[in-house]
Amino acid sequence: MRRPGSPSVAAGDGTPRENSPFIHGVEVDRESLFERKNMALFEEEMDSNPMVSSLLNKLANYTNLSQGVVEHEEAEDSRRREAKGPRMGTFIGVYLPCLQNILGVILFLRLTWIVGAAGVLESLLIVSMCCTCTMLTAISMSAIATNGVVPAGGSYYMISRSLGPEFGGAVGLCFYLGTTFAGAMYILGTIEIFLTYISPSAAIIQAEAADGEAAAMLHNMRVYGTCTLALMAMVVFVGVKYVNKLALVFLACVVLSILAIYAGVIKTAFDPPDISVCLLGNRTLSRRGFDVCAKVQAANNGSMATALWGLFCNSSTASTSCDQYFLQNNVTEIQGIPGVASGVLLDNLWSAYADKGAFVEKKGLPSVAVPEDSGAGGPPYVLTDIATCFTLLVGIYFPSVTGIMAGSNRSGDLKDAQKSIPMGTILAIVTTSFIYLSCIVLFGACIEGVVLRDKFGEALQGSLVIGALAWPSPWVIVIGSFFSTCGAGLQSLTGAPRLLQAIARDGIVPFLQVFGHGKANGEPTWALLLTALICETGILIASLDSVAPILSMFFLMCYMFVNLACALQTLLRTPNWRPRFKYYHWTLSFLGMSLCFALMFICSWYYALVAMLIAGCIYKYIEYRGAEKEWGDGIRGLSLNAARYALLRVEHGPPHTKNWRPQVLVMLNLDAEQSVKHPRLLSFTSQLKAGKGLTIVGSVLEGTFLDKHTEAQQAEENIRALMCTEKTKGFCQLVVSSSLRDGMSHLIQSAGLGALKHNTVLMAWPQSWKREDSPFSWKNFVDTVRDTTAAHQALLVAKNVDLFPQNQERFSDGNIDVWWIVHDGGLLMLLPFLLRQHKVWRKCRMRIFTVAQVDDNSIQMKKDLQMFLYHLRISAEVEVVEMVENDISAFTYEKTLVMEQRSQMLKQMQLSKTEREREAQLIHDRHTASHSAAAARTQAPSTPDRVQMTWTKEKLIAEKHRNKDAAVSGFKDLFSLKPNQSNVRRMHTAVKLNGVILDKSQDAQLVLLNMPGPPKNRQGDENYMEFLEVLTEGLNRVLLVRGSGREVVTIYS
């Protein structure tokens, strides 16, 4: 119940806002929930689990207005009224915008030329391929768009939430670049219509010679294009609402133009327009410099030369020198648009590709070839301006089928987006595909081939080819196409900055953050500026035919990933994949993706590679530098599926020796603030692993999980942060257990999954094991050593771990010394080799020391060891150290005695009164038991007489009998209690070996040493710690290594 005066909390607000599936929270008074007595059972969970009635209330009040990319032109209250008012339906909201975006500049300026160059059949193939591609993409897009509510952000939102931030960012930026270059293409189309067909005299830069016209035209396009871009950017900056209001006007222009084309085609059936084309031989002539299509014309007293004669000859006198081709071929005049019934379709069925600068020729007309065309540049022939081929035409045509995303981009303004987007988009594609396919057949059936191949209508006195066909006037098409391209350019300049703003506000690309800001009302000012700059680069290219393939690449890449997203979600069968649109299948998506990929390389293989490189760079950048986002994307699902599949494929047994590498479980200790005590342990891990194989960073918290889950979460965050700092690639696993001992045992047993388990445990030496406040820290350590042995896992113990180098340090010189006392699988050989792969240890030399007994042949041992290392392909210096026989020193006895007295004192501290009484009775039993336990040992360290590192049963028994007889003078009366003989021998080994190691390896950067196993009788555990301490005394950095017992190196390939 809520106390009086405490603020009311919305039920369900316990969930973080981002994780909640509902965007607009609805305040529900808590009292009203708890007053109902029949709900009292659930009242404690109301904060995190809202009641169903409150949940449904939230859903009912949800509006799919976009966050951050809405036009903010209206005041706040009017926008609320607009949200509640009637939204757009399928026809107005999706169908018409798609229609307007798909039908555009290419239809009016290039489709006739494509039909002329490729022929009707190949043109139908081009259009069919492109329309199939967009139809398959629309089906995939419909499935994604109907799988839950799509906020505004359209295609970018859909792809990024389906494929994850990396793909989402890469494809979102590709789509942004495509839309921006589309703006450049539309502006270039606008200027081309203006300078070529509306007002050719408006050209600022004039060509000095006939062959410089193309270059002059490009310069004019750049000048006018830049001015137009600046003007359009100003319009978009001042207010988007004006662009949106004009959209309907621009759409009306497109529809009227298409109706005029169909009307013109119908008219040609019974009354073809009287448009003549002048040919010389079979070459088409440009009608810009003459009117009469004849060499001579009748005058008062005879005949006189025409203007055409003047273009080919110096003068009209008899001694004139004329172009040879002009003299030997006749001038003929043919009908430019013979009409549907003329049968010209058969002539236009096949392709007529040509090289740059070739004559536009009519097949079937007589033509007398001449050896030299010296004046080919001067005479007024119609020439091809670029080399044509099938692949080039695909690249130029494809932008005319883009625009299918226009409906999904407006998803925030639709009444029912899940119903409208599929229906509207697919209907728009069907309509436009019909228009394109029918136009190709009708153009081929109505217009003469040479006129179709005349890109700029030079044979028709510089008029638009498609305009000559239209009814009632060519100006309907010219003005209609001018306004439609102009409107499409404005739409691109409006849409692209918003898309960039949406990407920037998602925060996945750090360097784009600045473009997320805008004016106070949310208009993306900085994004508009960047869009204008990129658009300017497209305008500086100046050729519509060069810009079109660039944006084809970016759109194709975007469509390819939409198909991939749908195919992935379908194949992975993620539980959340439940689209309302049912007419999709993964095979269709896969086919669409393959078609997009093929079209990219058909259009231009080098543009395709560049586009893929750009997308790849963005992907990797986001992967390394971008913000971590969890969007429930398909790629994450794919990774999980792949991981599961790989884990099931990996054999459950141990790997082959050749594949063995240390898969490390790092045991970290935490302090009272849940911070890591020895961060250098993680530095050493990353140096050892270098990002390869498995690393599990484990830690144990003492307590119960119910009480400690908050601390556990904090500790895990601290460990992850440290792993990130130390660049340790691996997994973090934290266990809350009633005791540290049990927790470590659980980790050793259960860390990892399936075959992906650790085989090596790395931990720090417990420095404080001698301190009185933690007298039993060594117990956990010794038991962990026993656990690793029982689990057949290798153990690495880093002593003086805080002196180990950080990842930034570099050793310029020094040695890594390996003391190979007993062979337990070759791990000692492998570790230095792995460490030297890392920059820290790369310049260190490896030295291997082994110990020879009195009866060993040390020279032969050295040769054998060198040969062994040669076969292992490991380069190292080899040294055999001889251990001479000598008596046990007084120092060793004294050290052993102090050790035993200390352990006895520790035990006394822990004993209760009753235990002390019991202890007095058991002293004798224990003393005899220690002797029998020593005899049962199978692997003991050393003897007083001979330092023997490898033991057989026979040797052990022989030494045992000799020890019983041995008497050491000078110590009988030192203490009343004699030290345990087994402990004396062990201490002797430790002292002797420590002296030898100090002599050889005191200055080494790292010493690796075999770690003796703990005693099988648990009574001597504290003594074991003392032995290890003595063994490593005086050394800076020590790594104690205990192998798992299996071979980890092999000489075989």
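Where does Asn282 lie? Asn282 sits in the loop that links strand E1 (276-280) to strand E2 (283-284). Keep in mind that this is a predicted model. The protein chain has 1053 residues, and 51% of them are buried. Here's a quick tour, from the whole chain down to single residues.

**The chain as a whole**

- The protein chain carries 33 helices and 15 strands.
- Take the contacts in the protein chain with a separation of 6 or more: residues 24 or more positions apart account for 81% of them.

**Around Asn282**

- Asn282 has a relative accessible area of 12%, so it counts as buried, the cut-off being under 20%.
- Leaving out residues up to four places away in sequence, Asn282 touches Tyr325, Val360, Glu361, Lys362, Leu365, Pro366 and Ser367.
- Both strands flanking this loop, E1 and E2, belong to an open sheet of three strands, ordered E2-E1-E5 with antiparallel pairing.
- E2 and strand E5 (331-335) are the edge strands of that sheet, each pairing on one side only.
- Five bridges hold E1 and E5 together in the antiparallel sense, with Cys278 standing opposite Glu333 in E5.

- Is strand E15 (residues 1038-1042) mostly covered or mostly uncovered? It's mostly covered: five of its five residues are buried.
- In a regular strand, side chains alternate between the two faces of the sheet.
- Here both faces are covered, with Val1038, Leu1040 and Arg1042 buried on one side and Leu1039 and Val1041 buried on the other.
- Strand E10 (residues 794-799) runs antiparallel to E15 and is joined to it by five bridges.
- Strand E14 (residues 1006-1010) runs parallel to E15, with four bridges between them.
- Val1038 turns up in both pairings: it is the bridge partner of Lys799, and Val1007 stands opposite it as well.

**A helix pair**

- Helix H6 (residues 111-145) packs against helix H14 (residues 417-446) at an angle of about 170 degrees, and their axes are 9 Å apart.
- The residues in the contact of H6 with H14 split into 22 nonpolar, nine polar and no charged.

- The peptide bond going from Trp471 to Pro472 is cis, with omega near 10 degrees.
- You'll find Pro472 in the loop between helix H16 (465-469) and helix H17 (474-506).
- Gln674 isn't a glycine, yet it has a positive phi of about 65 degrees.
- Look for Gln674 in the loop between strand E6 (664-668) and helix H23 (680-689).
- Lys727 isn't a glycine either, and it has a positive phi of about 55 degrees.
- Lys727 belongs to the loop between helix H24 (705-725) and strand E8 (731-737).
- Which of the labels, buried or exposed, goes with Gln674, and which with Lys727? Gln674 counts as buried because its relative accessibility is 11%, whereas Lys727, at 68%, counts as exposed.

Conventions:
Residues numbered from 1 in each chain as written. Predicted model: local features only at pLDDT ≥ 70, side-chain atom pairs only at ≥ 80, totals over all residues. Heavy atoms only, no water. Axes fitted to C-alpha atoms, helices over the stretch in contact; angles between N-to-C directions. Helix = DSSP H or I, 4+ residues; strand = E, 2+ residues; numbered from the N terminus. Nonpolar A, V, L, I, M, F, W, Y, C, P; charged D, E, K, R; others polar. Buried < 20%, exposed > 50% of the residue type's maximum accessible area, 1.4 Å probe, protein only. Contact = heavy atoms within 4.5 Å. Pairing = 2+ DSSP bridges.
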